[in-house]
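Colleague: Please show me the model, and then we can go through it question by question.

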Amino acid sequence: MRRLRKYGFVAGFLAFPVALYSVFVIGPYVQAFQISFTDWNGYRSKLRYIGFDNFIRLFDDEVFWQALRNHGILLLVLPIVTVVIALFFAFLLNLGGGPRGAGMRGIWGSKFYRVVFFFPQVLAVAVVGVLFKAVYRPDEGGVVNGALIKVGFEPVGWLIEPDLALWSVIAVMIWQAVGFYVVLFSAGMAAIPKDYFEAAALDGAGRIRLFFSITLPLLRDTVQVGWVYLGIAAFDGFALILVLAGNKGEPDGATTILPVEIWKTAFTYSKVGYASAMGVVLFFLTVTFAVLTLRTTRRERIEL
Amino acid sequence: MAKDTTMSRAAAKARPRTGVLGGLSHVALLIWALLIILPLLWTFLASFKSNAEIFGDALQLPGQLRLDAWGRAWDKAHVGQYMLNTVVVVFFSTSGTMLFGSMAAYVLARYRFVGNRLIYYYFVAGMAFPIFLALGPLFFVVLQLGLLNSHVGLILVYIAYSLPFTVFFLAAFFRTLPDTVAEAAAIDGASHTRAFFQVMLPMAKPGLISITIFNVLGQWNQYLLPLVLLTDNKDKWVITQGIADISTIAGYEADWPGLFAALSMTILPVMIVYIVFQRQIQSGLGAGALK
């Protein structure tokens, strides 16, 4: 009787979540793999299998390669720049006050900076996109160009120049991301015992030395987590690019990334089969990235 | 205070590099803070400008305090409607996520039964898939269920896609709770369900708060799913869709102050909530990333 009641309880608690999750999440994912082998357009009731044709076509698709290249740039630049800036600020905020009294302390006003830095993180990406579309405006009405003109420079077409547009988008992503990683790394730094810094400071280590010899090695795990997160965030640049650059990744595909192509192919061109093939590629890229990052950055853990 | 300054002055004398470095640190921090504050402040000020002022010098302050753009954004551009829709959707989807997520996580973390590990990994696997892979099929699943262009459909989809991380996070949390309390509740004659709601859930409060904040933010900011699932009916749109649309329309109708008012209107409430709860939000999101 008691066993029965236990199993009833377990089943009752699991039934709805599992059903909901199966229908809306796992179902579509499984179907996506299936559809990637068809030429389905979203309307026909029967699926026609065409083998690996979609994947073969991807090889000759100029736009696909462009999206992949941009993706590569994002994947490399976004994590590196964000982690470096965030580490720098986190160090200043937590330990920048230098060794004083019992252990290290943060720089004056660190609470205020932390609150301000983190704020962009709570803004919706779509809102940030619209905001920066105005900030980047090519004439003197845009705040960046307005300032440039004031100082006597020519206005710059931040989102219009093909060589510049992707970098302008990446800058916005960094703008939004840094605060989160400052907080993340700060939490990591707070966990480092104060005696380590005291001992090193007694031995005459300066702040720069403290950072590279103590903080960084002891923070490796946190940085690694941050790295994976940023890599995955790079795959999600979708909303920002859609708002800032439209669904063709203007100018002329210079800012397009795989998610944008998937969305456009499925919902504008109704090529659901082809879009699913891109989705499958994206899936394997995401997994490869996560595994590679975790593998290559894994070293022996330093025990505190 | 005075003593403090003399002390730090003495310290600066002893190691002159500290002073310069300290100054540079402040400059760097201040620049980044300005990079964040200025665009937001500029948006806010631009909502009081006239069209001519907006196309003129960007660094000029508004000539007078015009409030009409705010009115237009609220009524004509439906920012009020979009906000209300978003609040309703996020309220129900986050409540649902927390209820079903904690139920599943609790059972998976604390009960032994055949298939437990399997179901746990079934949920956790959802974290590895990019949502874009599911997009096409998801649209047709929702269409066939007759839930397209409805808030109910969007809420159910939000819950479903929030479950993997919520279950993963909360299961880890429930595992750390002591067994003795649940046993005591059982001896006192509490049913499994009652033990869960009245004993275990309150104990898991810190974990629940973190993951609630994580889900509220994630669902409030969601843009992709509503774009796919709420296409036709503008009355049902959420704020992210609305803002992107207002931005497009502003180009045609040349109502730039209206756009900036709409932007300010969406940013301000978020800013107020953030300032009030910033400690919880930062630790909530941080904990979310570290688990």
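**Shape, confidence and interface**

Modeller: Chain A has a radius of gyration of 24 Å, whereas a compact globule of 304 residues would have one near 19 Å; the radius is taken over C-alpha atoms, and the globule rule is 2.2 Å times the number of residues to the power 0.38. This is a predicted model, in which local features need pLDDT of at least 70, side-chain atom pairs count only at pLDDT 80 or more, and totals for chains, interfaces and linings use all residues. Residues are numbered from 1 along each chain as its sequence is written, and chains are lettered from A and ligands numbered from 1 in the order in which they are written.

Colleague: What separates the centres of domain 1 and domain 2 of chain A?

Modeller: Chain A is divided into domain 1 (1-28) and domain 2 (58-296), with bounds from an automatic or database domain assignment. The C-alpha trace of the chain spans about 80 × 75 × 30 Å along its principal axes. Taken over C-alpha atoms, the distance between the two domain centres is 39 Å.

Colleague: In chain B, where is confidence lowest?

Modeller: Chain B averages a pLDDT of 83, on the predictor's per-residue confidence scale from 0 to 100. Helices here are DSSP runs (H or I, at least four residues), numbered from the N terminus. Helix α5 (residues 79-110) of chain B has the highest mean, 94, and the lowest, 43, belongs to helix α1 (residues 2-14) of chain B.

Colleague: Why should low-pLDDT coordinates be read with care?

Modeller: Residues 1-17 of chain B stay under 50 in pLDDT, and the model has four contacts for them beyond four places in sequence; a contact means C-beta atoms, placed from the backbone, within 7 Å. Where pLDDT is low, the predicted coordinates should not be read in detail.

Colleague: Which helix gives the most to the side of chain B that touches chain A?

Modeller: In the interface, 70 residues of chain B are in contact with 76 residues of chain A. The most, 14 residues, come from helix α2 (residues 16-46) of chain B.

Colleague: Is B:His78 buried or exposed?

Modeller: B:His78 is not a glycine, yet has a positive phi of about 60°. B:His78 lies in the loop between α4 (68-75) and α5 of chain B. A residue is buried with 20 or more other C-beta atoms within 10 Å of its own, exposed with 12 or fewer, and partly exposed in between, C-beta atoms being placed from the backbone. B:His78 has 20 C-beta neighbours inside 10 Å, so B:His78 counts as buried.

Key. Helices (H or I, at least four residues) and strands (E, at least two) are DSSP runs, numbered from the N terminus. Two residues are in contact if their C-beta atoms, placed from the backbone, lie within 7 Å.
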